[in-house]
Amino acid sequence: MNGGGGDGVSASAASAPLDWKFSQVFGERTAGEEVQEVDIISAIEFDRTGDHLATGDRGGRVVLFERTDVRDHAADRRDLERTEYAIGRHPEFRYKTEFQSHEPEFDYLKSLEIEEKINKIRWCQAANGALFLLSTNDKTIKYWKVQEKKVKKVCEMNLDPSKAMGNGPVGGSVLTGSKSSLPNGGSKERTTSYPSNDTFPSGGFPSLKLPTVVTHETSLMARCRRVYAHAHDYHINSISNNSDGETFISADDLRINLWNLEISSQSFNIVDVKPANMEDLTEVITSAEFHPTHCHMLAYSSSKGSVRLIDMRQSALCDTHSKLFEEQETPGSRSFFTEIIASISDIKFAKDGRHILSRDYMTLKLWDINMDSGPVATFQVHEYLRPRLCDLYENDSIFDKFECCLSGDGRRVATGSYSNLFRVFGCSEGSTEATTLEASKNPTRRQVQNPTRPARSLGSLPRVLRRGADTSGTDANGNGFDFTTKLLHLAWHPTENSLACAASNSLYMYYA
């Protein structure tokens, strides 16, 4: 399939593997440094332009970064694109600001502790030079406005401000004069101020300067505009902005609610999969996202490995889907772990809205919304772990929720793995690109370089890995894997081949 659209790039150029390079890192750990639980990154998101990046952590903080290599050049972007410099530009971000988005709470009615951990961040439309974003923990969504506030200072006065007295006139003695009447019939003494002798020079001033107000410095202020609370009985796993710029959805295990950004007191329940008897519950909602251009369409995934596309024009309560995407189970392949590893942890629409990317524990799948018979492409991510599913179940790693992302042109997809590894796959027709990178300053060090042999196809990969994999404890490239270090969160720049990856408390940036 060709998910990139017709932009004049040849098929060979599109299928050629990218040469990924390290760009920068924020919050890098030193050897042996112990990472605090509250500092671990739990959400990451580029804004629509790619000039801003937001991360959330388990301590309830949101940290914003802004791109500097574009901002430092005042020339028009179109002019830059015509130069060699624009093509080879090195993306650079800098720390912008941070704020405490959520605090730990306690639900006394349910005797339940609510963590401050940020589950998702979504950027909203910017306006009047201010940035807007949504952030959520398990129960509460907040709408934030981040704006530069200018600190102004009075300057250029004839008088010495150090001799000023309070908020009144500068210097001088105060004399009491006649009384003036008050509106309620009372009276007060009128006071007259005279400058003191040590304020004015003996010769007087040749001219009088009026005080002027100048901008002394600017500071970023984050203000919570609205709080959307008390609408979910279960943990919120997704929020997604609508293309209309006015509404968004929030999803928990059993329900999806539709909100208006301007109204925090009510929401509309548009999907409800809760059965009349909870003992009949067979699947839960795991992720939900709006279509990028059609404001009436959204998709959500389930723990059974299916993706449902719904159209809000059909009915107010969208319990019936317009399309169902699921892969048929191979006869005889069912086991105890089948449903666990089939659960989809994340879905993303491609920028063109034609394709949906889903991530389950073992694979990445790319779906065409016009073809519900099966995925158009399947990428093996954790096939080498199949012999170790019992170990993964015992240490709960099998329940890890890895995110996925697509490039802006739709030609490549990426997702994370263990040992702080992440993988980039080419999804253009005829592409065999499958690159394994490590979240470190040397991202390619974990790759096995063997130029004498052609690259193995995705179809042959599982057969090669099954030999002796029961006790090897190695990943796809023959390296030892570590279940304690996992790369769950990553984001692709919307217009460039640039990736942001969260490894524990560190944010790594790469470009190609």
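The legends below describe close-up views of a predicted model.

Residues are numbered from 1 along each chain as its sequence is written. Local features in this predicted model need pLDDT of at least 70, side-chain atom pairs count only at pLDDT 80 or more, and totals for chains, interfaces and linings use all residues.

View A. Strands are DSSP runs of E with at least two residues, numbered from the N terminus. Six of the six residues of β3 (residues 52-57) are buried, so the strand is largely enclosed by the rest of the structure; buried means under 20% relative accessible area with a 1.4 Å probe, protein chains only. His52, Ala54 and Gly56 point one way, while Leu53, Thr55 and Asp57 point the other.

**View B. The two antiparallel partners of β3.** Two strands pair if DSSP finds at least two bridges between them. Strand β2 (residues 41-46) joins β3 through five bridges, with phenylalanine 46 opposite leucine 53. Strand β4 (residues 61-67) also pairs with β3 over five bridges, and glycine 56 stands opposite valine 62. In the β3-β4 hairpin, with three residues between the strands, glycine 60 takes a positive phi near 85 degrees.

**View C. An open sheet of four strands.** The order is β26-β27-β28-β29, with antiparallel pairing. The edge strands, β26 (404-406) and β29 (434-438), each pair on one side only. Between β26 and β27 (residues 412-416) there are three bridges; cysteine 405 has alanine 414 as its bridge partner.

How values were computed: Heavy atoms only, no water. Buried < 20%, exposed > 50% of the residue type's maximum accessible area, 1.4 Å probe, protein only.
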